[in-house]
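Dear colleague,

Please find below the structure that I am handing over to you. My notes on what was found in it follow directly after.

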Amino acid sequence: ANSEGEADTNRGSNNTKAPTSEAKETLKRLLLEHKGEVSHPDVKDALYKLMYLAERERGCNNNNNNENNTNNEKSYDAAEEGEWSPAHGMDDNRGRWRSISTPPFPGKLPDDGGDDDGKRKFSLGRMSFGMFKPSDKVCIVENIVNIVESSAEVANNDEGGSKDDGRAWTQTYNIEVSMDIQASSSPSTNVLLPAMLKNHGICYPISPTRLGVKFSGGTLTPRFDLSNPDNADLATSWKAIFGYAITREASSQSFVGRLGTSVLHKLMKLIMGLEPPMDTDDFTQTYSIKRPYQGYLDILYLDQDFRVSRGNKGTIVAVERV
């Protein structure tokens, strides 16, 4: 009788979609409806419902979790520690993760009424934290992919890494932003230049639900071959904009502005080992940080194809595995 009962229970569970799965699909649908805005009340409610159901499914007793509480400052780490440890799973975190939430960059620009499918726009300077020039160029974000993978180079070059502090593992935490840069300030007559902004970083577990993250540099490159004759018009526009862009922007600053930039870079070099970007013959820009600051992200939800996390500045990011 027991085995028959178990069989009936199993059949029932196989024919019924798990509440967690339904909650996840609802959250993804709402993110799509609200253009990735995690701050939308419906999206926030769906996220906390998913977290609540996932914790109940795991059998966690988390007194801090309240599906009606949308306070982004609350912490789930203490209650989940020892019961759920998504940060410890090296294979669980590895993969290519495509963002389905709003790009986590400061200074989103207002829509100009053009037909760009609601894609988010930012200035190049704000997107790159003042590193890449011309800082006022408008960037239309197409796609953001977070690449977490094993790398011998990361393991060998990670200062203070796993060999020294007992880290369970260290993997890449690279961010690739595919975007179009507006060549002029007039959208109606504008040429769009396909570009790639990459942030190079590493990640590693620092608690059962928290990953430490360090970014060691970034690059800005065209997403097309400058030497290909078929891209002659794009190449001409790219070279006109990015040729000596750093020198030209510096020379356009006032004396006080140039002094402020110089002091800031020297201070960042002293503290973080910053090597700011310089003009190059290949019309790309690169910066590096030798002693990067450690940020972190708390994993709010993780399964085989979906992850939701909250960074140390409170930004919530939802990604799906690709």
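Glu249 belongs to helix α10, which covers residues 245-252. Please note that the model is a predicted one. Glu249 has a relative accessibility of 19%; because buried means under 20% relative accessible area, the residue counts as buried. Apart from its neighbours within four places in sequence, Glu249 makes contact with Lys133, Pro134 and Ser135.

A second residue to look at is Leu53, which sits in helix α3 (residues 41-58). Leu53 is likewise buried, at a relative accessible area of 9%. Once the neighbours within four places in sequence are set aside, the contacts of Leu53 are Pro19, Thr20 and Ala23. The C-alpha atom of Leu53 is also 9.7 Å from that of Ala18, and these two residues are 35 residues apart along the chain.

The structure contains 6 aromatic pairs. One of them joins Phe224 and Trp238 in an edge-to-face arrangement, with 6.0 Å from centre to centre and 85° between the planes. Which parts of the chain does this pair tie together? Phe224 lies in the loop between β7 (210-222) and α9 (232-242), whereas Trp238 lies in helix α9 itself, so the pair links parts that are 14 residues apart in sequence. Phe224 is buried, with a relative accessible area of 12%, and Trp238 is buried at 0% relative accessibility.

Another pair is made by Tyr301 and Phe306: the ring centres are 6.1 Å apart and the planes stand at 55°, so this pair is described as tilted. The reasoning here rests on the angle, because planes under 30 degrees apart count as stacked, those over 60 as edge-to-face and the rest as tilted. Tyr301 is buried at 8% relative accessibility, and Phe306 is buried with a relative accessible area of 0%.

Finally, two arginine residues are placed over aromatic rings. Arg167 lies over the face of Tyr204, at 3.5 Å from the ring centre. Arg307 lies over the face of Trp97, and here the distance from the ring centre is 5.1 Å.

With kind regards

Key
Residues numbered from 1 in each chain as written. Predicted model: local features only at pLDDT ≥ 70, side-chain atom pairs only at ≥ 80, totals over all residues. Heavy atoms only, no water. Helix = DSSP H or I, 4+ residues; strand = E, 2+ residues; numbered from the N terminus. Buried < 20%, exposed > 50% of the residue type's maximum accessible area, 1.4 Å probe, protein only. Contact = heavy atoms within 4.5 Å. Phe/Tyr/Trp six-rings, centres within 6.5 Å; stacked < 30°, edge-to-face > 60°. Lys NZ or Arg CZ within 6 Å of the ring centre and 35° of its normal.
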